[in-house]
Protein chains: 2
Amino acid sequence: MRALVFDGEPRIVEKPIPRPEPGEALVKVLSAGICNTDLEILKGYMGFSGTLGHEFVGVVETCDNENLRGKRVVGEINCVCHNCDYCALEMPHHCLNRSVLGILSRDGAFAEYVALPEENLHLVPTTIRDDVAVFAEPLAAAFRILEQVNITAEDRVIVLGDGKLGQLIAQVIGGVTRNLICVGKHGWKLELLQKMNIAVAHMDDPMERGADYVIEATGSYIGFARALELVRPEGVVILKTTVAHPTALDLSLPVINEVSIIGSRCGPFRPALDALAKMNVDVRHMVTETFELRDGLRALRRASDADAMKILLHI
Amino acid sequence: MRALVFDGEPRIVEKPIPRPEPGEALVKVLSAGICNTDLEILKGYMGFSGTLGHEFVGVVETCDNENLRGKRVVGEINCVCHNCDYCALEMPHHCLNRSVLGILSRDGAFAEYVALPEENLHLVPTTIRDDVAVFAEPLAAAFRILEQVNITAEDRVIVLGDGKLGQLIAQVIGGVTRNLICVGKHGWKLELLQKMNIAVAHMDDPMERGADYVIEATGSYIGFARALELVRPEGVVILKTTVAHPTALDLSLPVINEVSIIGSRCGPFRPALDALAKMNVDVRHMVTETFELRDGLRALRRASDADAMKILLHI
């Protein structure tokens with residue numbers, strides 16, 4: 001089968017169809033999305049080597065569970081052992097022996113086929129188009145925030161970052177608070193948010209400080225420093241950005257202001273699929289361009305462009 | 001009066017006795033302690049210029065409140081406006097218009113006299129010696145942790161840092177959990193902790209990971225990186241260190257592990273004075289040497305020595 005792999009450099013290769021382990025399903029991939037994490041992997045993040053890609057929708061080709069066979073699915077990316085301390089504590093995302101689709105010790109979904117544990121798969125309602133279903137994974141990561149902190153309707157929330165993840169987070173948080181501003185530096189991306197009635201500001205605009213929550217989704221540690229300026233004393237910064245290289249940071253300010261900084265990663269698929277089905281979160285305008293898998297290298301380059309948002313691969 | 005000031009370099013000078021503002025007391029200083037924050041100020045931290053020092057015990061010379069006059073006191077260091085949003089929210093430590101004794105816009109206590117708002121002063125029980133009372137301020141900062149997080153007897157806690165603050169924190173946290181290890185890199189400091197029945201480890205020892213809480217009090221960002229390695233997924237790092245310069249940090253790990261990092265600064269004096277009076281926290285062995293104020297420059301140098309813990313100034 002054809003696959004887009006990274007082994008020091010990204011390449012399109014022919015490789016064998018994955019052989020599912022017991023309990024795993026083989027999924028024929030229909031469509032997949034390029035995430036900033038994929039671009040960070042190209043810079044060395046996680047030291048990953050193998051087939052890229054962790055956002056996908058596909059059809060189950062083989063598996064033990066009859067209810068899944070032949071069905072359209074999306075998949076959670078953490079594959080866990082069920083035996084370690086964190087699995088026992090019902091924190092499977094933090095399984096000590098986990099592999100992570102296209103990120104850690106497991107081939108990803110930028111390929112004709114992908115293997116995943118059956119338990120990771122979620123049926124996709126027929127009302128959700130393929131190019132919308134691909135957003136289930138990053139949208140779940142946005143919903144993770146609501147599992148971690150209790151944001152109320154009166155809380156002042158700033159989302160930093162007008163990119164793919166920032167746009168999803170802004171829509172999710174906009175569902176719980178009246179006081180949301182999404183801050184970015186790309187006029188056209190901010191306009192997309194405004195069309196959804198989300199208040200926006202430019203990163204260089206003078207901003208009122210003292211937000212109860214600042215959600216950092218810029219994909220850069222410069223965003224982290226800005227978040228620390230904007231959050232109120234004893235406020236909360238949610239940190240979504242993971243990048244390949246350390247950056248010079250000053251942590252005196254969060255100590256002085258007694259800020260809580262909370263790392264946030266993968267989230268629940270159920271509310272994500274629900275929001276996509278009910279169109280509570282709209283993602284269709286976020287797709288910039290779709291490439292065929294054979295043009296995967298061009299797709300990766302396009303995903304790095306300043307004028308690109310979500311780039312999809314049609315498999 | 002004589003004072004130890006910093007204005008780009010530390011100097012002993014003669015300067016006028018402070019004139020208390022309305023509501024302030026004039027305190028004749030008896031003894032004062034050198035903190036790592038003072039040493040960071042010498043490197044540029046907070047851009048402070050003025051009389052150094054924020055840990056002290058003294059006798060109230062003039063004030064409106066009869067109950068304080070002539071009494072021995074220690075003092076909270078944040079001087080607040082009572083008018084701003086954070087004062088209204090009962091977060092006076094975060095007052096937007098605050099001055100901070102010897103740290104921000106207010107002359108400190110390494111001088112014969114210091115002025116502070118009466119409301120900042122706490123009477124010192126007669127059972128507490130001067131060289132013990134000086135520890136009230138840093139010990140309050142240790143007690144602050146118990147206001148921020150709910151550590152239980154079963155929680156696994158690691159205190160990183162065997163210095164002045166680490167020793168105080170270890171004693172305070174040792175009062176609430178059975179599972180405490182204090183990690184440092186100075187054999188003689190670790191021995192002081194062992195004498196108080198606190199389990200210790202050397203910073204280079206292989207350590208079991210997965211602590212519920214790691215309290216970072218090393219005074220260095222290297223300690224922060226170590227804390228992120230030792231804390232469990234979804235665990236908490238309490239950050240006490242403030243240093244003058246930014247450091248290269250990698251925040252991917254706390255995002256992946258969804259760690260909470262909570263800045264922690266000044267704390268409540270009441271439990272601190274209580275613990276000192278009841279000898280629940282013992283600080284007497286922590287005093288390395290006492291200098292006269294006129295030898296303040298030597299005292300500052302001595303406080304930087306690897307074989308020094310608390311250095312006191314006798315005023």
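**Reading strands, interfaces and salt bridges**

Mentor: Take A:Val237, which stands opposite A:Ile261 in S17(A). This is a predicted model: local features need pLDDT of at least 70, side-chain atom pairs count only at pLDDT 80 or more, and totals for chains, interfaces and linings use all residues. Residues are numbered from 1 along each chain as its sequence is written, chains are lettered from A and ligands numbered from 1 in the order in which they are written, and side-chain values use heavy atoms, without hydrogens and water.

Trainee: How many bridges join S15(A) to strand S17 of chain A?

Mentor: Strands (E, at least two residues) and helices (H or I, at least four) are DSSP runs, numbered from the N terminus, and two strands pair if DSSP finds at least two bridges between them. Here S15(A) and S17 (residues 260-263) of chain A run parallel and are joined by 4 bridges.

Trainee: Which residue stands opposite A:Ala211 in S15(A)?

Mentor: The parallel pairing of S15(A) with strand S14 (residues 211-216) of chain A extends over 5 bridges, and A:Val231 in S15(A) is the residue opposite A:Ala211. Between S14(A) and S15(A) the chain passes through helix H7 (residues 221-230) of chain A, in a right-handed β-α-β crossover. Right-handed means that, with the strands pointing away from the viewer, the path from the first strand over the helix to the second runs clockwise.

Trainee: Where in chain B does the chain cross through helix H6?

Mentor: Strand S12 (residues 179-184) of chain B runs parallel to strand S13 (residues 199-202) of chain B, joined by 4 bridges. B:Val183 faces B:Ala201 in S13(B). Helix H6 (residues 187-195) of chain B lies on the path from S12(B) to S13(B), and this β-α-β crossover is right-handed.

Trainee: Which strands of the 3-stranded open sheet in chain B stand at the edges?

Mentor: The order in that open sheet is S2-S1-S4 (chain B), with antiparallel pairing. S2 (10-14) and S4 (50-51) of chain B are the edge strands; each has a single partner strand, so one side of each is left without a neighbour in the sheet. Strand S1 (residues 2-6) of chain B pairs with S4(B) over 2 bridges in the antiparallel sense. In this pairing B:Phe6 stands opposite B:Gly50 in S4(B).

Trainee: Is S15 of chain A mostly covered or mostly exposed?

Mentor: Buried means under 20% relative accessible area, exposed over 50%, partly exposed in between (1.4 Å probe, protein chains only). S15 (residues 231-239) of chain A is mostly covered, with 8 of its 9 residues buried. A:Glu234, in that strand, is partly exposed at a relative accessible area of 33%. A:Glu234 also has a positive phi, about 65 degrees, although it is not a glycine.

Trainee: How many residues of chain A are in contact with chain B?

Mentor: Contact means heavy atoms within 4.5 Å. By this count 39 residues of chain A touch 39 residues of chain B. Buried area is the accessible area (1.4 Å probe) that two parts lose on being put together, summed over both. For chains A and B this is about 3,200 Å², 58% of it on carbon and sulfur atoms. On the chain A side, A:Val255, A:Ile256 and A:Glu258 lose the most area to chain B, together 20% of what that side buries.

Trainee: Which residue forms a salt bridge with A:Arg144?

Mentor: A salt bridge is a side-chain nitrogen of Lys or Arg within 4 Å of a carboxyl oxygen of Asp or Glu. A:Arg144 forms one with B:Glu234, the closest N and O atoms being 3.3 Å apart. This pair crosses between chains, from helix H4 of chain A to strand S15 (residues 231-239) of chain B. A:Arg144 counts as buried at 10% relative accessibility, whereas B:Glu234 is partly exposed at 33%. A network of salt bridges links A:Arg144, A:Glu147, B:Glu234 and B:Glu258. Between chain A and chain B the count is 4 salt bridges, and over all chains the structure holds 38.

Trainee: Where do the partners A:Glu154 and A:Arg178 lie?

Mentor: A:Glu154 and A:Arg178 form a salt bridge, with the closest N and O atoms 2.3 Å apart. They link distant parts of the chain, 24 residues apart: A:Glu154 is in the loop between H4 and strand S11 (156-160) of chain A, and A:Arg178 is in the loop between helix H5 (164-174) and strand S12 (179-184) of chain A. A:Glu154 is exposed at 53% relative accessibility, and A:Arg178 is exposed at 62%.
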